[in-house]
Each structure stands twice: as C-alpha cells, then as structure tokens.
Amino acid sequence: MCSHFKFGAQKPPISPSGLNFCVCVRVLCGGKGYFPLESEYKEYLAKIPNSTEDKRKFKNMAVTGTVNCQCSHVFVLSCVDLHYGEKFANADKTLAMELEQHGPGAEEFDFTLRIETEDIDEVTTYDIACEYFVNLEERFKTHFPHLVPRLQRMRWGIPALHVQGHQDSCTYLFGTAYMECVGHFHGETAEQYWPGLNQLGPHVRQMNNGHRQDTMIVHHGDWNYKKTAQLASDLAAEILDAKKKYIAKRNHFIGLSLSFKDRVEKWRAMPRVVSKIGKEAVSVYKHRETKVPSQSAIFQKMLNDTGTFSQTMVPKNRVAQFMDESLKIQDLQRKVRDLISDTNEHDLQARRKEITVRTSKLRMRMEAWRKVQKELMPRVGDRIAEQTLSAPAIHDEKLLLPSDFSSDNERLELDIANLAAEEIRWREAQAFDALRAIQNIVKTISALRGRKIKNDRQQKQNTRAVDNILEATKLRDQHMDLYEIARQALIALNGPTKFPLLTESDLYMKPVLDKRRVGDSHRTDGALWRHPAAIPVEEAEAVSTTIISANNPGPHKQSEGGQPKQMTSAENRPDGWLWQLGKLTKLTASEMEEWSSEGDRVQWFRAEAEMQRWQEQYEQKLAELLRTRRSFKRMDQTWTTLAAQPSESRVGYSAYARQKAVMYRKRAELAEKLIADIGYSDLLEPDASLVERIQREREEQERVLAKAMSIS
Ligand SMILES: [Zn+2]
Ligand SMILES: [Zn+2]
C-alpha cells in the first residue's frame, strides 16, 4: 500500500473528433481498469460548467490529454481523460478514484489491515497544490461526499522542482523538504512515466474512445507489472542509499550543533511548523526578510569580527607571552611575503614603501624575540647560528619553534619538550580562531554574492560589490593558510590531529538567505561548518574526501546555474531588501548580531530537516520492503486457493493460477533474501516488530547525538 501520491498530467494523446470513428464504442474493462466508467464520468463532468473560452480553445478536440494519479513508486493508480485542458474537476475525479480503491469495502478487511488502512498518512503532491487544495473540500462535499473524511486528513505538497517557480512562501508551506515524515518523497517522479506514455500519443490519437482507453490500460498495466517485478530490489537499494545519506547528514548536523552549541538548546525548543503572517510564510527554515543590513555594513561587521576571533588565548606568563609573540611574528612574516608576491604582479611605489616599513618593524620584533628565545630555548642557539650562515630574508627566517623539529627525540635533546606542550595549546587555539574567522568570512561572501546577483544592476554598485567579494576572498585565503600552518605545526608536534585538512570544497555553504534549491538534500555543506571535535581523528581525512565528491559541482558552478531563476525572484520581491549602497540601514550592533545569528539558525534547521528526511526515508523504505514481501506471499496464497477450486471443465484455469502462485512465491523469496542481505533477517520472524526496532534505533541515534554534544 502506498501512502504518497502525485498527479501527473499527460498532454498527448490528442484525439480530434469527427474524423473516422464513433466515440461511443465501449471500453472492455468497463470502469475496472484505470479509467472511470465513461457514462459515469460524463455525467459527473456535465455538472461542471466550462467557460466559452475553453470551448473555443479546444474546438475540434474530443480528448485533450489525460491526468494520472500515481503513488510515490510511480505505479499508475487511476487515470481520466481531459476534454478542455487540465481542470480541477478532472484531477478531482482521479483523486476520488484512487481514494475509493482502499475506501469502500475496507470494512471487510481483517482487523490489523483495517487499522493500517485507517492509519495511512496520505501526502499528495500536485504542481499547483497551493491553489488546487483551497476549495477541494467544497468540491468533494458536492461530488464525492463519502470521501471527505479521508480528504481532511490529507497533507498537500508541491513537487520540488515545480515549487521553485512558485512564490518563496510556497517552499515553506508546500515544499516536501521541510515536511515531517515524508522521507525523500519530492513529487517529481510523477513525470518519469511521461516519456514512455508520450510515445503512445500518435498511436492512440485516431483510435475510437474505447479502443484508446483499452490500449492505455494495457500500457499502464505493463508499466505497473514491470514495477512490481523490480520493486523489492529497488527498495533494498533505496534503503542502503538512505542509510548512507542519513549517516553523512547526521555527522554534519552534529558538527554544526557543536559549532552553534550556545544557541542549540533555544533552537531545539522552537516549533518546526510553518505559519502564515499576512501573505508571508514564517518558518525556522526561512531567513526573515525584515531587518537586513546593507552590503557595506555586512562587510564592516566581518572585518571587525575577524579581529575578535584572534583572542581566544590571553598570554598570562612569560612562556605564554613568548608563544603569543611567536605566532604574531609568523603572521607578520606571512603578511610581508604576501605583499612581495602581490608586488610581483602590480609594482606600485606605495606597495614597495609598505614592504620596507613592515620589514623593518618585523626585524625589530624578531630581534627582541630572539633574545627571549635564547633564554627559554638555550640549546637551540647552534641551529639559529646555522641558519644565519645561509642568510635568509627576514620574512623567510625560520623561528625554530618546537614544531620546527620533526621528532620527540630531537626536542628532548634540545630540552624543549615542555615548550612543545605549550605550543600545542597555542596552535590549537590558533586553528580554532582561524576556523571561526573563515566561517564568518564565508558566510559574508555568500551574503555578498547573493545580494550582488539580486540587486546590483548598476555599474558602480556592481564594481563595489565585486571588490568587496574579492577582498573577502583574499582574507579567507589568508586565514586558510593560517589554519594550515597551525595544523602542520600540530602534526609535527603531536602526530595525527583532530583538525582535518581544509580545502576550498569544505567551505561550501548553501545560501541561507534564499529558499532551498533542487538537489539540496543530496548536497552537504563543507567540513568547515562542523566543529572539529565532532570528527574522530581517524575519520577526519576520509570525511573531507567524501564531502569533496558530494559537493561536485562546486559552489561557483551552482551559483551560476541558479542565476536566471534568482533574477526573476528578485524582481517579485517586495522592498524589504535594502542591500543597495546608499540605502544604508543603520542597524545597531545587537541587531546586526541578530541578523547574523538568523543565518546560523536557518543553516542549522535546514541541516536538521535534511537529516530527518533521510532517516524517515530509510525507515519508510524498510516498512515498504516488508509490506512488499507480505503482499507477494498473499498473492501466492490467493492464487493457490483459486487453483484448488474444483473446475473439471476448466483445467487451464487451474494451471494458470498455479503458474501465478509460483511466480509470486519466487518474488516473496527474493524479497526475503534481499531483506536478509541488507541485514534485517530478524524482521522476517513471525513475531518481529518493525515499530519496536525503529524505536530502538531512534533511541540509539538520540544517544549518539547527546554523546557527541557532551564531548566538547
Ligand atoms: Zn507505491
Ligand atoms: Zn504556490
């Protein structure tokens, strides 16, 4: 039994009337195939008025297309003809037919099955669900009153790609990505059957009505049969895929939770349900559009914040002061090196002067520092002298800190083992600070880039935006270098480290200011967003490689691909967006902080939703696979019973029934083998309970999450 349904409208086959056939030829299935009984359907349609415009538009056409109702596995469940294009009345009929399939007559089911049928959580997607469902209940009260109770329990969604063309609020009100208990059901599979069915169009367009419907019924049956044959192995593959994706999403979510640890408790208590205030959807998955700082304000905030991120450790004693100064000198050296390499590209007078000034400052600080070093690391003196012989430039000079020596033995020999322990603490702080700064910068770049696409049409604004982005990118790269220096030092001092290699693809972040894009649930933000404590040492490198492949195509390609769509949505956007320069909104520091935190919140909630959807997907597919096996076994029984019925004159009937029984028995056996192969043989026991198992697994996952949150 399938709980998710979708409509797909089929444009051809077109059947021009009055050519060479008579439209009253009867369908052999007489309403028992996928189509309704023609006379009943006509009677129903006669009650619904058609506009004269429609009549003119579809003149000379008897049938303009068909609408299918299909389940989430793309089995065709019901189908009706369209006479004046795709109208709600036609869609209503297919929906009603689908509901009737397990509606009346269900009282004859045995108790457990009846409970199961009544318990179905029906989620239906339709390209225009946001409009379709508005008066749906009214229409059903008039035409299909017996189905109204079922309809009232139904939830409505819009397929993931179609919703991109709707207003933003539809993503939060009807997008299945943020809907609880829908797994990875995105609705777009409705169209998978179209290419096959489209080929049927030319065949059936000149057939009479009965023959045309029969031909389509045969094809629907063929499609469904092939689906049945493939169902168990498809579901098994989906279970494995969902489990893998869930683990990846869960690990990412844990890392993100640790990064935002101070706010997670508050977020957790927030309701996930979307509400509507006026025309706007309000949702935890959505960035509120009211208070938005200007581009230059964002940029300024980033510059200020980046400064504050380098204050984790405050030097208290002499050794600490020495370590602090070491790292600062290394940073100065790097800055001079950057300036020099920059000058190689643009040789400016001002640049050269800056280099001279900085170099002399560096020299003074280095001299003072070397004096302290001599006291704290007396045995390193020889090595320093050795270096002086080769006379390196001041910005290339090695400081000869504990991390500059490759082995513990060497450090023992030089009597700097204690200092090495101190350096580890400083390097870890340095790496953390660098990561926080990079996170902040990347968020800024993402915001700046989004605003640039949306608003900066004028040349002057555009140039300014590009400059800001370039400068931010440069700053980001510097901090990435810094992170790598700290990381390498930690490796030299302490072997493998919990800090993973940071590559550009780890920086990837889905834009949080905009609505989600198609395929987001398959992408995960880069490793940067996860707290390093969340990644076990041995996994660290492996994790970052998986992320790289998962993120292809990279962020740049993505933003280019999404550009035309974003342009249109910007045009529909009300004037809440004050990103243009010159329209500076004066936000207070705390408002600015709130805005920034809002982005974190959106990122966290979306990551949570993605994790939950894959978890649900895994659980649902497992339930479906078990049901598939049960259904095959049931079919085997039913055909066996039929085969045993005494029918002397009809021996062929028995043979046919036995053949069917064996076919389903084999399918049930295959399903059992698959269930065992993917590790769920315990669920094949007669008294096994899937519910209990899922509950256990969920509790286990809760523990994993809680444990991860308590470690840092
Ligand atoms: Zn199905
Ligand atoms: Zn809509």
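**Reading a predicted structure**

Student: At what angle do helix α1 (residues 38–46) and helix α3 (residues 88–101) pack?

Tutor: At about 140°, with their axes 11 Å apart. Axes are lines fitted to C-alpha atoms over the stretch in contact, and angles run from 0 to 180 degrees between N-to-C directions. Helices (H or I, at least four residues) and strands (E, at least two) are DSSP runs, numbered from the N terminus. This is a predicted model, where local features need pLDDT of at least 70 and side-chain atom pairs 80 or more, while totals for chains, interfaces and linings use all residues. Residues are numbered from 1 along each chain, chains are lettered from A and ligands numbered from 1 as written, and side-chain values use heavy atoms, without hydrogens or water.

Student: Is that pair parallel or oblique?

Tutor: Under 35 degrees is roughly parallel, over 145 roughly antiparallel, 65 to 115 roughly perpendicular, the rest oblique. So α1 is oblique to α3.

Student: Which residues of α1 and α3 meet?

Tutor: Look for contacts (heavy atoms within 4.5 Å). E40, Y41, Y44 and L45 in α1 meet A89, N90, D92 and K93 in α3.

Student: What about helix α11 (residues 209–259) and helix α24 (residues 651–677)?

Tutor: Their angle is about 15°, and their axes are 8 Å apart. Therefore α11 and α24 are roughly parallel. They also cross in a right-handed way. On the α11 side, Y225, T228, A229, A232, S233 and A236 take part. On the α24 side, their partners are M663, R667, A671 and L674.

Student: Which residues coordinate the zinc ion (ligand 2)?

Tutor: Look for donors: N, O and S atoms within 2.8 Å of the metal (3.2 Å for Na, K and Ca). Water is not among the atoms, so sites may look incomplete. Here C130 (SG), H166 (ND1) and C170 (SG) coordinate the zinc ion, at 2.0 to 2.3 Å. Their spacing in sequence is C-x35-H-x3-C. The cysteines link distant parts of the chain: C130 is in helix α5 (residues 129–132), C170 in helix α8 (residues 168–174), 40 residues apart.

Student: Are C130 and C170 buried or exposed?

Tutor: Buried means under 20% relative accessible area, exposed over 50%, partly exposed in between (1.4 Å probe, protein chains only). C130, at 18%, counts as buried. C170, at 7%, is buried. Helix α5 also holds Y132, which is buried at 0%. Y132 and A91 are 41 residues apart in sequence, yet 9.2 Å apart in space, C-alpha to C-alpha.

Student: What is the mean pLDDT of the chain?

Tutor: pLDDT is the predictor's confidence in each residue, from 0 to 100. The mean is 78, and 79% of residues reach 70 or more. Over residues 9–25 pLDDT is below 50, and this stretch has 48 contacts beyond near neighbours in sequence. Residues 534–585 are also below 50, with 81 such contacts. Where pLDDT is low, the predicted coordinates should not be read in detail.

Notes. A crossing is left-handed if the near helix is turned anticlockwise from the far one by less than a right angle, and right-handed if clockwise.
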